[in-house]
Structure formats: structure tokens, C-alpha cells
Amino acid sequence: MVINMNLPEDFKNELKIILGENDFKKYISLFGEPSFRGISVNRLKTTPEKLLPLLNFEVEKCQFYKDGYYIPSGIEGIGKNPLHHAGAFYVQEPSAMSAVSLLDVQKGEKILDMCAAPGGKSAQIASLLGGTGLIWSNEIVKSRAQILLSNFERMGICNGVVSSCHPDILSEKFEGFFDKVLVDAPCSGEGMFRKDNDAIGEWSREHVAACSERQLAILLSAVKCLKNGGTLVYSTCTFSYEENEENVKRLLEMCPEMEEYPFEDIFGRKTEFSNAVRITPLEKGEGHFAARFRKKGTAEAYVEKAYQKNLSKDTEKFIRDFLDDIFVKIPDGNIRISNNKIYIQPPTLPQTDISGILRAGVLAGEIIKNRIEPCHSLFTSYPADMFRRVENLGLNDERTVQFLHGCETDCKCEKGYAAVAIENMTVGFGKCSGGRLKNKYPKGLRIW
């Protein structure tokens, strides 16, 4: 449990100014209380109406996001829950959901999540896009980008890109391309203090100042990526005035093409800006700040390079025959090959030679000699009703745990590769033959 007397004096003095003396005392009094926890429902896999009755814990509606819910603070082992494996929800700090609400995602939009790992906000965006448009999720730290990619697969995101690039590279390649950009910037983490002693120990005035400068640099790159008329949301999980309001001021001063984009008071506490909100534990969230901007002007058409096929007719037929055996109807998208790996890329993906892309679209399979070996992501990225063969397991079916353990199980499907679903939500695949399913669930994801 975090002890409030460990809080740095400089932090406490600044927070007293931000919150006022009375609310600061209330904030301090909460340092013996459990931290807030939540989940966001993934509509790529299910709906709240279908999911909530299946949960083995109580939830309470969260005010920060339409598909967000509080969960009990003491719940353990949620990562082993079969519904979590199936991508039905993302475990997320409740106030962190607020930034995507301000982004106001609409189907068909092209959206950049500039600092995306581990992927909670990208999962929200993808859920709202519903398989349309494009979600480009970037994380400069390669190891964190790999975690982001794993969450993309689990959540069933087929219309996305995961990259590990410096923001300046994205702004150079995609100037004026995205309808909306989210910058959930690295910060001093003051909103983590109630649940993380390490965050307290790492805090310093120098760290706050360094974060502020880094945040501004990322924001300037984000502005370039945004088309005229587009929306930018800036968020942090810190209370710092320097990292929050000061950066709102500096962005507006340095980028005259940007303006405040006000919103109604839907949650949190007001700031001096009509386009910004702060959330603290007093508003039932660990801590978040979010500000929304609009780029002035009318959007001009992005000049797109013509799509270049890289498949011969014979190779394309070979791949399509394979996909036709897997799917009732082959998913929309452009089929491409790189290093014998087959990808189904979203039609909205721009042609680019950018380095640092970990995955563009869905990794469908790999050509090995004269056959194609399907990949896990091919089956997690699409709804169960798109597959020719589906082994649908109930939540309480003993085969569900067996599958997540990596065991071979009984099956009803005919011979061939079959999607495995839990309560109609795809979780992986296996190879069926003679009433048995050979398990293909990746070892690194199995429950031990």
C-alpha cells in the first residue's frame, strides 16, 4: 500500500495549488483506499449486453467511456479469464478511457495513436471503428511495441498497423494524412502514485521538465500528421500543470493552425481551458488529463500512391485457394507477401516504404515449401461467422481450459483448419482430423 508521507514535497505543494487545499486533503485521505480498476468492452468480439452476464465478477458503469466499467479492486487472475484470452475486454484504468471519448471516433476514419503501448486506447479506437477505416498504432520503444502487437492480435484488430518509429518519421511520411491523432504522451506518472511506489520514487522536478519538453516535441509531430479539419487529443496520466496546461498553451502559441476544440462537461474537473479536463481520484479515476484541438481549414485530398501488387497470378491463386478453404468469404483487403509471410492488408493502408513497421494488416500465414501454414492472428482477427469450420466452446466447457492449456481436445468439425471460439469469440485455431483437434494455441499465451 502506498503511504502518502512518501510523496515529494514539491509535488504536494504544486498539487495543493491545482486542487485547492480542501480537495488536496481529500486526495491525501484516499491513499489508504484501493485504486480504481476497470475494463473496456471490445465490440470487435462482443457487446456489453452479451459480455456482462458471462463475467464472474460484478461491474459498475464507468462515466469516462460508453463501454467502460469499474471492476472490483481485489479481483485476481483476470488475465487467465478465458474471456480475456478471447479479447472480449481490455483491462484498463478507468480515467485512461477518457481520451478516446474526446476523440469522438467515427467509422471509416484514419486514426493515429502516436504513443500506443501497451494498447488500451488503440483497442478502444479499433472497437469504435468496427473494422472500418485504419488504426495506426506507434510505439517508439521496440519491446513495448511487441506487447502492443500481441494485444492487437488478442483484440481481433484487422484494420491496423503496428510500428516502432520516431514521431518525426511518421510526420514526414504522412503529413496531412490522418483524420484524427491521439497523443497519450509519456509523462511523470503522478496519476499512478496511489498504486505504484516506484512511480513516486522516480519523480523529480527535473523529470517533470524533461517530460514536458518531450511531450511538446511529440505534439508538434502529431500536428503535421493531421489533416486540415482534423482532431488532435493530447492526454497524460499526470497532474502536473507544466506537462498539461503549459503544453496546451505552448501548442496553441507555436501552431497557429491549431485551435481549442471545446466539449461539454461530461466528466472530470474543469481547467482554465474549454478544451481540457483533469481527472483525479476524487472523480473516481487514478489520474488523467486530456485536451482536444482542431486543425483549422478544410481537408485536402491526400495524394495516395497507386497500390502495387507484388504477387504473380499463380501465387495469388495459391493463396486465395488457401483462404477460400478457411473462410466462407475471403476478407476484404490487399494480399501481400514479404519474406514468405502472407498479409491481408486493409484497403485504407497507404503505400509506404517506412521502416519500423512490425505488422501491417493481418499476418495470415507463411509459405513453407509447397504449402501454407496458417498463423494465430488469421483466426483471432475475424468474427467466428466468417470461418468455414468453427469449434465453438462454452465458457464452462472443460475443453475451453484444455485448449488454453495447449491440450489436444475432442472436436465436431470436419477435417481441416478450424477457428476455435469461446462463446462465439475467436481465440485461436487448431487442426481437426478424426474428431480430434490438434492445438495451435501459441505457447507464450497458454495458461500454465
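The legends below describe close-up views of a predicted model.

**View 1. The largest pocket of the predicted model and the residues about its centre.**
The space within the largest pocket amounts to about 1100 Å³. Its lining comprises 45 residues, and those closest to the centre are Ala117, Pro118, Arg144, Asp184 and Cys237. By class, the lining of the largest pocket consists of 19 nonpolar, 13 polar and 13 charged residues.

**View 2. Helices and a strand in the lining of the largest pocket.**
Two or more lining residues come from each of the following elements: strand S4 (89-91), helix H6 (120-129), helix H8 (167-173), helix H9 (197-201) and helix H10 (205-225). Helix H10 makes the greatest contribution to the lining of the largest pocket, namely 5 residues.

**View 3. The second largest pocket, with Leu44, Ser381, Tyr382, Pro383 and Met386 nearest its centre.**
Strand S15 (341-345) and strand S22 (425-433) each contribute at least two residues to the lining of the second largest pocket. The residues of this lining fall into 13 nonpolar, 13 polar and 7 charged.

**View 4. The largest cavity and the residues that line it.**
The structure contains 1 cavity of 30 Å³ or more. The volume of the largest cavity is about 70 Å³. The residues lining the largest cavity include Leu149, Phe152, Glu153, Ile157, Gly160, Val161 and Val162. Also among them are Arg359, Gly361, Val362, Ser377 and Ser381. At least two lining residues are supplied by helix H7 (142-155), and at least two by strand S7 (160-163). The lining of the largest cavity is made up of 6 nonpolar, 4 polar and 2 charged residues.

**View 5. The hairpin of strands S17 and S18.**
Strand S17 (residues 362-368) and strand S18 (residues 371-374) run antiparallel and are joined by 4 bridges. Ile368 stands opposite Arg371 in S18. The hairpin has 2 residues between its strands, and Lys369 adopts a positive phi near 60°.

Conventions. Residues numbered from 1 in each chain as written. Predicted model: local features only at pLDDT ≥ 70, side-chain atom pairs only at ≥ 80, totals over all residues. Heavy atoms only, no water. Pairing = 2+ DSSP bridges. 1 Å grid on protein atoms, 1.4 Å probe; cavity = no way out; pocket = protein on both sides within 12 Å on 5 of 7 lines; lining within 4 Å. Points joined across faces, edges and corners; volume = space filled by probe spheres on them. Nonpolar A, V, L, I, M, F, W, Y, C, P; charged D, E, K, R; others polar.
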